[in-house]
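Hi,

Here is the structure I promised to send over. Have a look at it first, then read on for what turned up.

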Amino acid sequence: VFITYPSMSRAMLRVASVLPSATEILCFIGGEHLLVGRSHEDNYPESVTALPILTGQTTEYTTAGEVDRIVSESIGKGLSLYT
């Protein structure tokens, strides 16, 4: 889907993608040049790894049980799992 605005030139369009599948689709349809930022999980196509990372996670993987505990605890306190 392309949205155009009469007062906005194509040179002004910028995309910050925080969803890896959206990044991949945008690149696939030829819009990689519009990307100015990505999520910490974006790694394909490899060229997007040079873009600034705009998100992060608050957990680190240790064991499934430990991650479950941390996620449950964070959600219970109303905290975000991402930065």
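A quick term before we start: two residues are in contact when they have heavy atoms within 4.5 Å. Also keep in mind that this is a predicted model.

Let's begin with Ser17, which sits in the loop between E1 and H1. Ser17 has a relative accessible area of 6%, and anything under 20% counts as buried, so Ser17 is buried. Leaving out residues up to four places away in sequence, Ser17 touches Ala22, Thr23, Leu35, Gly37, Arg38, Ser39 and Asp42. With Thr23 there is a side-chain to side-chain polar contact of 2.5 Å. A polar atom of the Ser17 side chain also lies 3.2 Å from the backbone oxygen of Leu19.

Next up is helix H1, residues 20-28. Its buried residues are Thr23, Leu26 and Cys27. Why are they on the same side of H1? Because they cover an arc of only 95 degrees around the axis. In general, an α-helix has 3.6 residues a turn, so residues three or four places apart point the same way. The buried residues of H1 pack against strand E1 (15-16) and strand E2 (35-37).

The face away from the buried side carries Ile25 and Phe28, both exposed. For Ile25, the relative accessibility is 53%.

One last thing to find: just after H1, Gly30 has a positive phi of about 95 degrees.

Cheers

Methods: Residues numbered from 1 in each chain as written. Predicted model: local features only at pLDDT ≥ 70, side-chain atom pairs only at ≥ 80, totals over all residues. Heavy atoms only, no water. Buried < 20%, exposed > 50% of the residue type's maximum accessible area, 1.4 Å probe, protein only. Helix = DSSP H or I, 4+ residues; strand = E, 2+ residues; numbered from the N terminus. Arc of directions from axis to C-beta. Polar contact = N/O pair within 3.5 Å; in protein donor to acceptor, adjacent residues only side chain to side chain.
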